[in-house]
Amino acid sequence: MLDDRAKLLLKTLVEHYITGGQPVGSRTLSRASGLELSPATIRNVMADLEEHGLIVSPHTSAGRIPTARGYRLFVDTMLTVQRQDMSPPELPPGQPQKVITSAAHLLSELSQFVGVVMAPRRVSIFRQIEFLRLSQGRLLVILVTPEGDVQNRVIFPEVDFTQSQLAEAAHYINTHHAGQSIEQMRDGLQAEMETLRGEIAALMKVAVDVSSDALAQPETEVVIAGERNLLAVADFSNDMAQLRRAFDLFEQKAQLMRLLDASGKAEGVRIFIGGESQTVPFEELSVVSADYEVDGQVVGTLGVIGPTRMPYERMIQIVDITSRLVSNALSHHGDAHPLKSPRRKHPGR
């Protein structure tokens with residue numbers, strides 16, 4: 001456990017390093033902390049902090065910088081979010097894809113880092129389903145959404161169904177389950193399986209699994225803006241290997257999706273520090289994220305990705321405000337108040 005003096009010195013060190021980007025020495029800490037301590041006492045406290053794994057001394061400097069563990073303690077127990085003047089433009093209601101693209105650029109512009117928005121998770125509702133036998137072992141599934149979108153998927157079921165069986169299965173599903181979500185259809189069919197003939201029951205199961213895939217999210221699942229902002233960050237511009245790894249992350253959208261999904265496990269604004277867990281596998285990157293909603297229902301996640309040496313207080317406000325703006329635009333409500341005080345954060349671990 002750290003005493004109050006050690007906590008204050010750690011807080012001062014982290015804030016000073018975030019602002020200046022240079023290792024912090026004992027003399028600087030003495031002046032900035034306001035504590036009347038001798039340089040020797042401060043050096044002893046810093047040695048204790050280093051022993052706890054909260055700070056580290058770069059080889060080229062006598063000063064110290066925070067570790068991922070030091071940043072985590074700072075954001076969990078020492079960070080206080082005070083409202084700053086911030087008047088981002090409203091995101092006008094419109095097509096979801098346009099809203100999230102605008103939101104990603106807004107996050108990037110406000111933070112000067114990388115803005116990332118995961119597309120809204122669509123409720124998988126179907127209006128009609130049809131099955132067409134193409135050849136032995138091949139089956140075409142045709143799904144029609146309530147909006148009239150048609151999606152096709154070729155599958156290879158283990159059973160070779162006849163066209164009459166396929167027509168019977170489609171008729172049954174459309175009669176009893178049209179207008180439901182795939183999840184509701186799955187639950188309903190599960191309860192009805194015992195009353196259906198074996199081959200039709202097998203086809204129903206295949207249909208549900210295929211429908212879940214066919215009505216999955218659109219191809220553009222993640223919108224990214226501002227990757228080039230990292231070129232101006234000294235932490236990356238001085239280390240091309242780190243920069244290449246960061247850009248590789250942005251190109252591998254599946255990995256980025258997993259990162260955002262992992263960060264969406266708690267409410268409020270969340271902070272993930274690079275290197276402290278597998279959630280953010282790159283030491284020099286941190287993520288500040290939050291969910292956004294449509295009519296009170298969480299449908300997606302957005303956030304800022306930048307260096308671990310980022311102004312977390314400002315990033316919390318940017319992410320919180322943007323999530324409210326997106327929720328407001330997607331819900332088409334004019335009475336929301338996106339600029340109220342930030343919601344309490346629940347930092348990730």
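Student: Which residues in helix α4 (residues 68–77) are buried?
Tutor: This is a predicted model, in which local features need pLDDT of at least 70 and side-chain atom pairs count only at pLDDT 80 or more, while totals for chains, interfaces and linings use all residues. Residues are numbered from 1 along each chain as its sequence is written, and side-chain values use heavy atoms, with hydrogens and water left out. A residue is buried at under 20% relative accessible area, exposed at over 50% and partly exposed in between, for a 1.4 Å probe and protein chains only. In α4 the buried residues are Gly70, Tyr71, Arg72, Phe74 and Val75.

Student: What covers the buried residues of α4?
Tutor: Helices (H or I, at least four residues) and strands (E, at least two) are DSSP runs numbered from the N terminus. The cover over the buried residues of α4 includes both kinds of element, namely α1, β2 (65–66), β8 (270–273) and α12.

Student: How are α1 and α4 oriented to each other?
Tutor: Axes are lines fitted to C-alpha atoms, for helices over the stretch in contact, and angles run from 0 to 180 degrees between N-to-C directions. The axes of α1 and α4 lie 10 Å apart, at an angle of about 105°. Angles under 35 degrees count as roughly parallel, over 145 as roughly antiparallel, 65 to 115 as roughly perpendicular and the rest as oblique. The two helices α1 and α4 are therefore roughly perpendicular.

Student: Which residues of α1 and α4 make the contact?
Tutor: Contact means heavy atoms within 4.5 Å. By class, this contact of α1 with α4 has 7 nonpolar, 1 polar and 2 charged residues, where Ala, Val, Leu, Ile, Met, Phe, Trp, Tyr, Cys and Pro count as nonpolar, Asp, Glu, Lys and Arg as charged, and the others, Gly among them, as polar. From α4 come Gly70, Tyr71, Leu73 and Phe74, and from α1 come Leu10, Lys11, Val14, Glu15, Tyr17 and Ile18.

Student: How are α1 and α3 oriented to each other?
Tutor: Helix α1 (residues 4–20) and helix α3 (residues 39–51) have axes that come within 10 Å and cross at roughly 85°. In their contact, Arg5, Ala6, Leu9, Leu10 and Leu13 of α1 meet Thr41, Val45, Met46 and Leu49 of α3. This contact of α1 with α3 comprises 7 nonpolar, 1 polar and 1 charged residues. The orientation of α1 to α3 is therefore roughly perpendicular.

Student: Which backbone oxygen does the side chain of serine 33 reach?
Tutor: Serine 33 belongs to helix α2 (residues 26–33) and is buried, with a relative accessible area of 13%. Leaving out residues up to four places away in sequence, serine 33 touches Leu8, Leu9 and Thr12. A polar contact is a pair of N or O atoms within 3.5 Å; within protein, one must be able to donate a hydrogen and the other to accept it, and residues adjacent in sequence count only if both atoms are side-chain atoms. At 2.8 Å, the side chain of serine 33 reaches the backbone oxygen of leucine 29.

Student: Is the crossing of α5 and α12 left-handed or right-handed?
Tutor: Helix α5 (residues 96–111) and helix α12 (residues 312–331) pack at an angle of about 165° with axes 10 Å apart, and are therefore roughly antiparallel. A crossing is left-handed if the near helix is turned anticlockwise from the far one by less than a right angle, and right-handed if clockwise. The crossing of α5 and α12 is right-handed.

Student: How far is alanine 103 from valine 116 in space, C-alpha to C-alpha?
Tutor: Alanine 103 lies in helix α5 and is buried, with a relative accessible area of 0%. Beyond residues up to four places away in sequence, alanine 103 touches Leu91, Val117, Thr322 and Val326. Although alanine 103 and valine 116 are 13 residues apart in sequence, their distance in space is 8.3 Å.

Student: What is the phi of glutamine 112?
Tutor: Glutamine 112 sits in the loop between α5 and β3 (114–118) and is partly exposed, at 49% relative accessibility. Most residues other than glycine have a negative phi. For glutamine 112, phi is positive, near 65°.

Student: How far apart in space are isoleucine 224 and glutamate 251, C-alpha to C-alpha?
Tutor: Isoleucine 224 is part of strand β7 (residues 222–225) and is buried, at 16% relative accessible area. Apart from neighbours within four places in sequence, isoleucine 224 is in contact with Val114, Gly115, Val116, Phe250, Lys253 and Leu256. Isoleucine 224 and glutamate 251 are 27 residues apart in sequence, and in space their separation is 9.6 Å.
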